[in-house]
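Student: Please take one residue in this structure and walk me through its surroundings. I would like a close look at that single part.

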Amino acid sequence: MDLRVAVVAVGKIREKFWLEALREYEKRLSAYVDLEMMEVPDEPDRDEMSPGEVEALLSREADRIERWLRPRDGVIALDIDGEVLSSEAWSERYDRLCAAGYGRLVFVVGGSRGLHPRIKRRAALRWSFGPITLPHALARVVLLEQLYRGIRILRGEPYHK
């Protein structure tokens, strides 16, 4: 089994279909990683917020995220402004991250306003799924799917589903 992997996500998923998709990928990943999923509460958000209000909101969410982070964690922040990787390039990066000596890899998924800069600075990798905006729940499903796909590619195993 590869090293331990955790996902820390801001906000709770309530829709059954997203939960079922997440459970399916958790099941698939269980053959390869020791996966832990954590949700932290999101902050109340309004359409019209000043930059200072957004900063305060992100800081409070970052406080909650940081409670789950350990000093030896390799943090991968999902960030729309991060590095865009093909599935093959992600697989290679995952391999390097696994070899880097981290106690575990922790993927961080922010809320609707993203992640506070201090979480991004802590990250060993800021990973983007491209310039599109994904619903929060779908981003989490894509994350697990790409983690699964990357591991399968790395191991030379077929991936068709």
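Predicted model: local features only at pLDDT ≥ 70, side-chain atom pairs only at ≥ 80, totals over all residues.

Tutor: Leaving aside neighbours within four places in sequence, L115 is in contact with L58, I65, A77, L78, V108, V109, G110 and K120. Now place the residue itself. L115 sits in the loop that runs between β4 and α4, the latter covering residues 117–122. Is L115 buried or exposed? Its relative accessible area is 5%, and buried means under 20%, so L115 counts as buried.

Next, look at the strands around this loop. Strand β3 spans residues 73–84, and strand β4 spans residues 104–109. The two pair in the parallel sense, over 5 bridges. Two of the contacts of L115 are A77 and V108. A77 stands opposite V108 in β4.

Then bring in the helix. Helix α2, residues 51–66, packs on the sheet. This helix touches β1 (4–10), β2 and β4. The direction of α2 makes about 155 degrees with that of β1.

Step back to the whole sheet. It is open, with 5 strands in the order β2-β1-β4-β3-β5, and the pairing is parallel. Strands β2 (34–40) and β5 (125–128) stand at the edges. Each has a single partner strand, so one side of each is left without a neighbour in the sheet. From one strand to the next, the twist averages 30 degrees.

Finally, follow the chain onward from L115. I151 comes 36 residues away along the chain. The C-alpha atoms of L115 and I151 are separated by 26 Å.

How values were computed. Residues numbered from 1 in each chain as written. Heavy atoms only, no water. Pairing = 2+ DSSP bridges. Helix = DSSP H or I, 4+ residues; strand = E, 2+ residues; numbered from the N terminus. Axes fitted to C-alpha atoms, helices over the stretch in contact; angles between N-to-C directions. Contact = heavy atoms within 4.5 Å. Buried < 20%, exposed > 50% of the residue type's maximum accessible area, 1.4 Å probe, protein only.
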